[in-house]
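I opened the file and kept notes as I went. The entries below follow the order in which I looked things up.

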Amino acid sequence: MTGPLYERLAPALDPPGGAAPAHPLSAGPAARCGVPDVTDRSVWDAVPEPIRAEVLSLAGAELARPAPSLTASAWARALRDGDRDAYEGRARALRERVTLLVLAAVLTGEVADADAPGGCPHLDAAVDGLVAFAEASTWCWAPHDRHTSSRGEVVPDPEQPFLDLGAAEAAALFAWADRVLGPHLDRRAPGVRRRLRREVDHRVLTPFEQVRDWHWIGADGSANNWNPWVHSAVVASALLLCDDDTRRARLVRLAVRDLDHYLVALPDDGGIDEGIAYWFAGACRVLETLDLLADTGGAQLDARDLPLLPQVLRYPQRMHFGADFYVNVGDAPARLGGGRPWQVVFRWGERLGQAETAAHAVAAARQAGGVADVGGLGRSLAALADARWCRAVTTEDTVTAGAALSPEAAERAEDGAPWLAHASWLPRLQLLVARETAGTSSGLAMAVKAGHNGEHHNHLDVGSYWVAVDGRPLVVDVGRPVYTAQTFGPRRYEAWPFQSAWHNVPEPGGGQAPGTEHGAREVTVRLDDAVTALRAELSGAYPPGLVARWEREVRLVRAAGGEPAEVVVEDRWEGPSRELTVRHVLSGEVELGEGWALVSARSGPALRMEWDQRIAVAAIEPRELDDAQVRLSWGDRLTRLTLTVPAPADSGRISVRWRRSDGR
């Protein structure tokens, strides 16, 4: 079985009749990869001074502290007590260190002969970091290494590598470091490039060729972000490090066939059930891989016109609330922060004529602090080498930045935030996002999801919703905590941020149940100018027999006739047998009154919540946050407000209204 990508590229990748003409990836594809090597000073010396200064400052700080060490005891923590971050945090820090040092070595152009005593601190330290990875027993993250766990051991075997995300990250780092620093590595550290090739071959390319049933390929229809994450590294490694034309072509052919499993699994509305952060880990890597294939293979390997891609590209802008806040389904954080390759979104937005997409990319990169921190060496190099992108992000005024976009994007950017749509409905994901006024984050915005509890990176959150004011969510999704060895196993839902009790959903005598079979039914949407709403029947999300029927409607009613805009949540039930509660997770200071609550962001907007106190009584429960990942989005505290119907009738109704407030 083949999919859309392979079918598009098959004439070049797999000639009929076994013919073997000159392959489009033969004759040194690395030179055509779109990133010049360090000797092309016309590109690297043209990087704008603010970006150059930022990179060199960050690299200088790295040189002033010791490099992270990759130890056996830290790796074993995941198997001993479930602590993944003890090792993965160090590996990530070492990758980031090497990335910064490589960028600095490229920007300075420093180099010296192998026998010279000094003079190139960034280059030498980058080599040290690369060799540290080369000398590590494994690149695999411990919870993934089935070889080690099957032996009942806690020390990996270098002769039995396991290809996972950690191995993919290290291979991509090696490939792009070799590409951009190659001539200087040959002069300063002869032999290191041969070492890089040997390690990538042993740990990534050979296992990829020889093992054809990797779970992350997703041939059974379950492909997730692992698929493009690993395959993007395989393609980069094959094109930049493999010197055998025949083998290179075979590796790319296999990768393209496997990538199709992910493309086939993507819904045609472009939705990503894993969440906004995983768009960059998955779908974005598809775009980058398509760019790399087109750059190195020319028109024969250019598949950037696949019909699905425009919708996929719009996903980040559709999830945007305002500033760095996004609708965070799945395991995504609410605050996206830095480390995202917005340059890819910008480039593709221009290519596909989506001016609002390109404008969003520029705004998001500025919000995150620029272009130097984009989460990976290949991505960083592509961003720094793109003069249009650098100019767009570093230009202060809108008009000049718009000119760097394109005339159409400039005109639309002057209107504010043209990517913020009146409403976005993703029917396959069953996710609705709407705002009071298109083109601006000012005012109310809501998001509501239906879906099911078997989604990738699932939380027990069928029927949950968000409310933001002026782009700042105050009725929120917690997001994921720091991953542990238990996160992706049978004990996943022991972690409180994954439980329905900590989502904005009803609990009719108990919480929601995991599994694809537990989901919403009878989902409908209303997309009028005056009202945007989603209605769903939620009883199927709960264990059988808990409630006969639970109908929820979440609607944004826009201002009209002197009445302000509001978000209304109406719940109707039939047949609960126990106490009934409706949960609300709130970010900000919470003041509770009789039939009302006020949620206020620090030095920011506020929401007033109202309900019929004759039907339900309210209680608030502050939760101090000690998880580093959750704190990145919400600071030191969240508050759960629970409405309880103490003696529910066989059928009933409860509604909640949210309005912007400047006080009580």
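Predicted model: local features only at pLDDT ≥ 70, side-chain atom pairs only at ≥ 80, totals over all residues.

**Entry 1: strands around β21**

I began with strand β18 (residues 606-610), which pairs with β21 in the antiparallel sense over four bridges. Two strands count as paired if DSSP finds at least two bridges between them. Strands here are DSSP runs of E with at least two residues, helices are runs of H or I with at least four residues, and both are numbered from the N terminus.

Residues are numbered from 1 along each chain as its sequence is written, and side-chain values use heavy atoms, with hydrogens and water left out.

Next I checked β14 (residues 566-574), which pairs with β21 (residues 651-660) in the antiparallel sense over eight bridges. In this pair, Glu-570 has Ser-655 in β21 as its bridge partner. I then moved to β13 (residues 549-557), which pairs with β14 in the antiparallel sense over nine bridges. Arg-549 stands opposite Glu-574 in β14.

**Entry 2: the whole sheet**

In what order do the strands of the open sheet lie? I wrote down eight strands, β11-β12-β13-β14-β21-β18-β17-β16, with antiparallel pairing. The edge strands are β11 (521-527) and β16 (589-592), each of which pairs on one side only. Neighbouring strands of this sheet are turned by 15° against each other on average, direction ignored. A reminder for myself: strands of a sheet pair through backbone hydrogen bonds, either parallel or antiparallel.

**Entry 3: two crossing helices**

I looked at helix α16 (residues 355-368) and helix α18 (residues 387-394), whose axes come within 9 Å and cross at roughly 65°. Axes are lines fitted to C-alpha atoms, for helices over the stretch in contact, and angles run from 0 to 180 degrees between N-to-C directions. Which residues of α16 and α18 meet? From α16 I listed Ala-361, Val-362, Ala-365 and Arg-366, and from α18 Trp-389, Ala-392 and Val-393. Contact means heavy atoms within 4.5 Å. The residues of this contact divide into six nonpolar, no polar and one charged; Ala, Val and Trp are among the nonpolar types, and Arg is one of the charged types.

Is His-184 buried or exposed? His-184 is buried, with a relative accessible area of 10%; buried means under 20%, exposed over 50%, and partly exposed in between (1.4 Å probe, protein chains only). His-184 is placed in helix α8 (residues 165-188). Leaving aside neighbours within four places in sequence, the contacts of His-184 include Val-38, Glu-110 and Leu-123.

I also looked up Arg-95, in helix α5 (residues 85-108). Arg-95 counts as buried at 12% relative accessibility. Not counting residues up to four places away in sequence, Arg-95 touches Phe-133, Trp-141, Glu-169 and Leu-173.

**Entry 4: the protein as a whole**

I ended with totals: the protein has 21 helices and 21 strands. Of the 664 residues, 59% count as buried. The C-alpha atoms fill a box of roughly 85 × 60 × 55 Å, taken along the principal axes.
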